[in-house]
Amino acid sequence: MGQSSYIVEQMTASFDGAIHRRGDAGYEPARRASVWNALTPDRYPDVIVQAASEADAVAAVRLARTEDLRIGVRSGGHSWAGNHVRDGGMLLDLSRLDAVTIDPQARTAAVQPGARGNETLAALAEHGLFFPGGHCVGVALGGYLLQGGFGWNGRVHGPACLSVEAIDVVTADGELVHADAEQHPELLWAARGAGPGFFGVVTRFHLRLYERPAVIANGVHRYPVSVLDEVFTWAHAIGPQVPRAMELMVVLHRDEHDEPELVVTAPVLMDDEAQAREALALLETCPVLGRATMSLPYVPVSLEDLYAGVQAAYPDEHRYATDNMWTHAPVEDLLPGLHRIAETLPEAFSHMLWMNWGPSPPRPDMAYSVEDDTYIALYGVWEDPARDAQNIAWATERMRELEPHASGIQLADENLGRRPARFVSDANLARLDALRERYDPDGRFHPWMGRLDPPAAA
Ligand SMILES: Cc1cc2nc3c(=O)[nH]c(=O)nc-3n(C[C@H](O)[C@H](O)[C@H](O)COP(=O)(O)OP(=O)(O)OC[C@H]3O[C@@H](n4cnc5c(N)ncnc54)[C@H](O)[C@@H]3O)c2cc1C
């Protein structure tokens with residue numbers, strides 16, 4: 001009897017979910033369905049376990065331990081890199097664990113990892129409550145919260161992991177433990193930022209909630225790419241004055257005529273309309289406003305409208321390659337790289353996102369520790385498999401060219417398997433290594449697909 005059939009026999013007695021061994025009819029559909037990106041990685045776990053309950057997750061880890069299988073964990077499968085799909089071992093799929101329990105009085109929620117950010121926000125809205133959930137429909141909270149989490153009003157509330165007060169986690173030895181400030185504080189510390197290198201299975205996140213902003217509005221100004229220098233120079237200059245409840249972004253994409261263009265957009269989520277109008281008036285200070293091909297200075301919108309706008313750039317059933325960087329480099333140093341990105345922009349819906357994020361306030365001690373004034377991310381988006389190599393290279397190589405100006409990357413859009421980069425501070429990487437050694441001495445959980453180690457001390 002093969003190793004995986006032994007696993008299946010052991011688990012079927014008490015297991016509510018589904019198990020697919022490599023070679024079974026259900027295996028390949030389950031593997032493909034575990035990744036949102038149509039560019040499914042060419043990596044094959046031995047067995048895919050689809051848990052239906054917390055007890056299933058515990059049973060899966062115990063069996064992986066007995067059978068000495070490494071585990072890749074999936075919540076919503078929105079990792080662009082398909083980080084959970086590794087060769088050999090077990091892919092533990094938690095997408096069916098998607099319960100959301102809200103305590104409106106305490107302003108807290110307990111969410112399972114498969115819960116979608118947008119659905120959670122809709123449920124919170126019924127109580128006038130809010131959480132900095134991600135910008136796209138369908139992104140599950142599991143991977144999102146572990147990697148940091150850059151969501152609506154993220155500059156006000158910080159990366160979403162900042163609002164994780166406790167977790168329930170299955171450790172490598174198969175025990176379900178609660179980690180908070182008093183119990184297993186180091187596991188909570190790691191879960192706030194270790195992202196796809198976390199060494200445990202989080203089955204529930206306990207979140208702090210906020211009041212829902214009363215006013216949601218946006219401004220949109222479209223520019224030809226010929227004013228790229230002027231637009232980015234202005235955007236960098238106003239960055240520090242942008243209110244924290246305003247998300248200033250510049251998107252480089254192809255317009256309806258297939259020409260590269262720049263879209264300046266800045267959702268505001270505030271409590272007061274006058275303040276929102278004042279904030280969005282900042283967009284009209286762009287010195288080339290007269291060159292805009294379209295200007296919508298102030299548009300009252302719903303959160304659903306904002307989701308729909310973002311979603312248009314991330315269609316389902318497309319192939320994706322991403323890469324990214326944080327930077328505080330002067331705009332003059334970035335412009336040559338930004339030009340090159342524009343000149344080589346692949347087919348629609350490929351795009352670049354430039355986002356104003358800093359200056360950030362001091363953060364509490366947690367694994368998340370790398371952020372900067374400006375965020376730049378590349379998203380190659382295409383359908384034809386024949387374009388894979390070219391578009392993967394676009395995202396990876398354009399970012400490699402800008403590397404000298406980067407202070408690190410976000411794990412949200414990581415491309416560590418192709419371009420290792422710095423994602424937490426050197427001290428926190430060393431602390432994560434020490435914690436992994438303590439909580440996962442046998443290496444039960446896959447680490448990041450790539451990492452940049454700090455230079456050895458002389
Ligand atoms: C269309 C799209 C839009 C996005 N928009 C945003 C955005 O606005 N802001 C943002 O910050 N990010 C965004 N992302 C990135 C996204 O947040 C990350 O890819 C995140 O990991 C997705 O969460 P997931 O649960 O789907 O991840 P998965 O792909 O399921 O998991 C990613 C990795 O996280 C780890 N992991 C996941 N769940 C668990 C768990 N329960 N226990 C232990 N480890 C676990 C595993 O290592 C896994 O490989 C977006 C991604 C896509 C595809």
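Predicted model: local features only at pLDDT ≥ 70, side-chain atom pairs only at ≥ 80, totals over all residues.

Reader: Which domains does the lining of the largest cavity draw on?

Author: Domain 2 (100-212) and domain 3 (215-405) each supply at least three residues to that lining. The domain bounds come from an automatic or database domain assignment. Residues are numbered from 1 along each chain as its sequence is written, and side-chain values use heavy atoms, with hydrogens and water left out.

Reader: Fine. What volume does the largest cavity have?

Author: About 60 Å³. A cavity here is a set of points, on a 1 Å grid over the protein atoms alone, where a 1.4 Å probe fits but cannot get out, and lining residues have an atom within 4 Å of a point. The volume is the space filled by probe spheres set on the points, with grid points joined across faces, edges and corners.

Reader: And what's the lining made of?

Author: Seven nonpolar residues, four polar and no charged. Among them are Gln-147, Phe-150, Trp-326, Tyr-368 and Phe-423. Nonpolar covers Ala, Val, Leu, Ile, Met, Phe, Trp, Tyr, Cys and Pro; charged is Asp, Glu, Lys and Arg; the others, Gly among them, are polar.

Reader: Switching to the ligand. Which residues come nearest?

Author: Ser-75, Gly-77, Asn-83, His-135 and Phe-150, out of 31 residues around the ligand; being around it takes a heavy atom within 4 Å.

Reader: Where does the ligand lie relative to the domains?

Author: Between domain 1 (3-93) and domain 2 (100-212), because both give residues to the shell around the ligand. Helix α5 gives the largest share, five residues. The shell as a whole has 16 nonpolar residues, 14 polar and one charged.

Reader: Last one: where does the second largest pocket lie?

Author: It lies between domain 1 (3-93) and domain 3 (215-405), since both contribute to its lining. A pocket is an open set of grid points with protein on both sides within 12 Å along at least five of seven lines. This one has a volume of about 230 Å³, and its 17 lining residues include Arg-43, Trp-80 and Arg-418.

Conventions. Helix = DSSP H or I, 4+ residues; strand = E, 2+ residues; numbered from the N terminus.
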